[in-house]
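Visitor: I'm new here, and I'd like to know what the words mean as we go. Could you show me around?

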Amino acid sequence: MNIRLTINGINRELAVEPDETLLSVLRREGYYSVKHGCETGECGACSVLYRPENTGDTPVAPRMVNSCILLAAQADGAQVITVESLGSRAQLSVLQLSFIENGAIQCGYCTPSQILAAKALLDKNLKPTEDEVRDALSGVLCRCTGYVKPVQAVLNAAAALRGDSPGQKPALFTRVMAPGGSMVPPTAGDIPWGSKPSVEAESQQKTQTQTDTLTTALPPFFVAPEPQTSVVGKAEKKVDAAKLAQGKQAFVDDYPMPGMLYAAMLTSPHAHARIKDIRTDKAKALPGVHAVLTYKDVKRVLYASGGQSYPNPPPYDQVSLDNKVRHVGDRVAVVAAESQDIANRALELIEVDYEVLPAVFDPDEAFQVGAPVIHDEPDAIAIKDAKRNLVAEVHANVGDITLGLAESDVVIEREYRVPQAQQASIEPHICMTWFDEDDRLVVRTSTQVPFHVRRMLAPLIGLPVKRIRVIKPRIGGGFGGKQEMLIEDLCAHLTLATGRPVRFEYTREQEFISARSRHPQRIVYTAGFTGEGVLHALRLYVLGNTGAYGTHGITVQTVSGLRGLSTYRCPHMEFDCDIVYTNIPTPGAFRGYGAPQAEFGLECLMDEAAAHFKVDPIEFRRRNWVRVGDSLPLAKALGEAKEGFDQIIKTCALEECHQQGMAAIGWHERDRWRLHPSRPTRRRGIGVATCMHGTAIAGLDMGAASIKMNDDGSFNVLVGGTDIGTGSDTIIGQIAAETLGVPLEDIIVYSSDTDFTPFDVGAYASSTTFITGGATKKTAEQVRSQIQEVAARMFNKGYGQALGGAAVQSQRPVGVAPQDIVLRDRHAIASNGHRISLQQIALFATHQEDQHQIMATASHMSYDSPPPFGAQFADVEVDIETGEVTVNRLVMAVDCGVAINPATASGQIEGGNLQACGYGICEEMICDSQGSLVNRRFGPYRIYSADEAPELQAILVQTYEPSGPYGAKAVAEIPMDGVAPAIINAVYHATGQRFYQIPLTPERVWSKLHTANH
């Protein structure tokens, strides 16, 4: 059938299928700003501005609609506006510029819809309040930003459209100078981190917060001390922001291939079953079907799917397609067909005879003798005890835990439980595979680990690594869920079977039941203290539920042990862990990687211990937390599921983080307003948690960089590190620009193509700035040295600048040594003040004398893993009648070393805090008695929308980490670690009741309060 649409002011007549969605039609016509995120209209990534055909006298204003649930036929005669209509390459719209300038774009997948929602608001109201902006954005879910900067962007755009002067706009950043030095590495005693902020600094903070705010008060941003650099430490615009704001082709699905087939996957309806028989004849006979693959068609090759360094940590317990299924949502068969609709219909024609087996979902039960054996296959590799469903055991100790507990005056033991939670990236897993003109397999995929994918894929499909190229474009959110070789093998198998390009994308339901999630755990802490409240012995037991397969099981639980036993000084420590199979959907990597689980228990425990000793919770922590010069003995004992390396803390601003956070949250006044006279059922409380994370995996993570100089003095930087929305491409560019003395705009960053970029482990373990940035700095220093050599030769021969940029001998020779030349402002500058532009140097080296390409490559690996530190605060209200917990405000002060880009760093804190708030309050994957996930879409699985999010405040407390590039440490994962325990501790402060399980659903809270009061 044909329909008429006016798209961005252009009248179109389009042929559509009766059941085709408007989303499908728009993307087919090249409007790639309109994204797929779900099939139920709940994420908003597919939103467009829509005006139905006007049949009356009154014009109807355009409104936001979800194009994934609107049939194209229903839109006949309508007007549709997408973000492609806003601005142009030469001149972006005010809204687009505001999103770019305010750091509102992280992964950028939801950005076009956010901009359209903002446009719809500002077309009606140029003086919106913050609440009105949040309401307008509430239909577009964002998993990255925490909504702080998008809201700020809309408010600033409104001010610009009103014609306000820049001074009247709400400020994006407020800078507060704390005691400290500069970008020069400080010596001992230079930075008194334990001292109270100066009265002058506090006064500056109050003054700036007041004067920088219009009618809307948004969270201020703090950094101290301010870096003395040109590019590093500055809130540079993200290098990919413009294309994302315009909705240009950037993601996997934005590049359809000619002749492309569409894949679909049949999944198991049973939690545990053996496939007795599977018949595919009817599916293969369906017109338009090109391949149907089952375990009968694919060679059985065992592997571990976690995207980790070689050799992958065991067990090797997966194959591409198996004759046994181990959870609801497990793989059964895959189909490739001419359209998605035909592929989905083919799945319905596959006939499977299952022998349903007993299933087990509780790890304590799975661990017992007589429980159903989940992995009874004889060829699985490196399972500790398959008959007991025991994947692995981990044990580590320091000192003598038995003696330490015996010597303790007070012993506290508590058990905690944490849930299975989903990464919920708005872009689902998606992959395309095809053979190029040289008969090499190309894999374009939304992955955090392209080089690992290439290596792991090769044996599964029977191709050598040299015949596989993996390309990572922009990614619509990762959060660890894409640190997995999850669907690339099936997509490649279909291309091998058909010889055609194949596109394979998970549905939102499959994201929940067939992708990865956070490991649920049962955690037991036993702590011994002296009579003065000094920690003397600490034992941690973790029972980790790794679900149907062991991917990431050992390493996540090992990190739980490391992070759960490293924040505080203690002479006697022990970690024991059992990692167990069950029939729940398989967990894997999720931002924080084991730390949020353990630190939840640890920080709840320390808060309870403080109450026992009748000591302020922060003072109690201060007595025990680690300091500069302390070692981290568990880092060596545990490593990455094997012995690691000694770690000594070189930088730690825990005192300053807590001081800043206390001032921001009003810690010393927290007992003055727990009860509200006009709301008698409400109780208010403030809680705290101390946080510590890691920076890369010591002695294992490695990345490389390559830099070449262009004729105009710009530079191409090639890295294998993967930007998953964190802004790492921008960070890499800033490090290169700072080293080479040029602005960021002179750096062209290309990343994540296994054919053209150097190796990198990928985006995980908070490693990219530290490892890839370290490689970039090394490489840039080599290029800088080459430039200095050429410049010295030019100076000493009397070369200077001529018209047209060529270098000619126009001045007397001067004696200049390479080491006396600095690169600044696009020039090489000699100590005597003479200068030559980088363009002249590039042209001279390439075209005029001793011609050669100025370029270098370097790798970086570190035996240091410097921990970032943080202080997390939560302000909550509890309704004692309903059990509802409302988080009003989250404040986090973080020591991440030098923030290479404060805008992206603060964005990581804000977004991570909101994710972690969901972990503490509402996010939990719930299975019924048969192992079927109940909440397998965004409606029942609730993540925060813009109008529900608490106020978020990020504070950067700067140290200079000598092992990091320009003093940097990690920042991306630590925001996940402290929110849940801070909320729990705030609820205790409000109600006097302690909770030992998250999330704090109203039912859980009401039940505990009701039981306590009766």
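Visitor: What makes strands 29-30-31 an open sheet, and is the pairing parallel or antiparallel?

Guide: This is a predicted model, where local features need pLDDT of at least 70, side-chain atom pairs count only at pLDDT 80 or more, and totals for chains, interfaces and linings use all residues. Residues are numbered from 1 along each chain as its sequence is written, and side-chain values use heavy atoms, with hydrogens and water left out. As for your sheet, three strands form it in the order 29-30-31, with antiparallel pairing. Strand 29 (822-824) and strand 31 (835-837) stand at the edges with a single partner strand each, so one side of each has no neighbour in the sheet. From one strand to the next the twist averages 25°.

Visitor: How do you know that strand 29 and strand 30 pair?

Guide: Two strands pair if DSSP finds at least two bridges between them. Strand 29 and strand 30 (residues 827-829) have three bridges, in the antiparallel sense, so they count as a pair. In strand 30, His 827 is the bridge partner of Arg 824. The strands themselves are DSSP runs (E, at least two residues), as are helices (H or I, at least four), and both are numbered from the N terminus.

Visitor: What packs on that sheet?

Guide: Helix 21 (residues 768-796) does, touching strand 29, strand 30 and strand 31. Touching here is contact, meaning heavy atoms within 4.5 Å. The direction of helix 21 makes about 120° with that of strand 31; axes are lines fitted to C-alpha atoms, for helices over the stretch in contact, and angles run from 0 to 180 degrees between N-to-C directions.

Visitor: Why is strand 19 called largely enclosed?

Guide: Buried means under 20% relative accessible area, with exposed over 50% and partly exposed in between (1.4 Å probe, protein chains only). Nine of the nine residues of strand 19 (residues 521-529) are buried, so the rest of the structure largely encloses this strand. Gln 521, Ile 523, Tyr 525, Ala 527 and Phe 529 point one way, while Arg 522, Val 524, Thr 526 and Gly 528 point the other way.

Visitor: Which strands pair with strand 19?

Guide: Strand 14 (residues 410-418) is joined to strand 19 by nine bridges and runs antiparallel to it, with Val 410 opposite Phe 529. Strand 20 (residues 535-545) also pairs with strand 19 in the antiparallel sense, over nine bridges. There, Arg 539 is the bridge partner of Thr 526. Strands 19 and 20 form a hairpin with five residues between them, and Gly 533 in the turn has a positive phi of about 80°.
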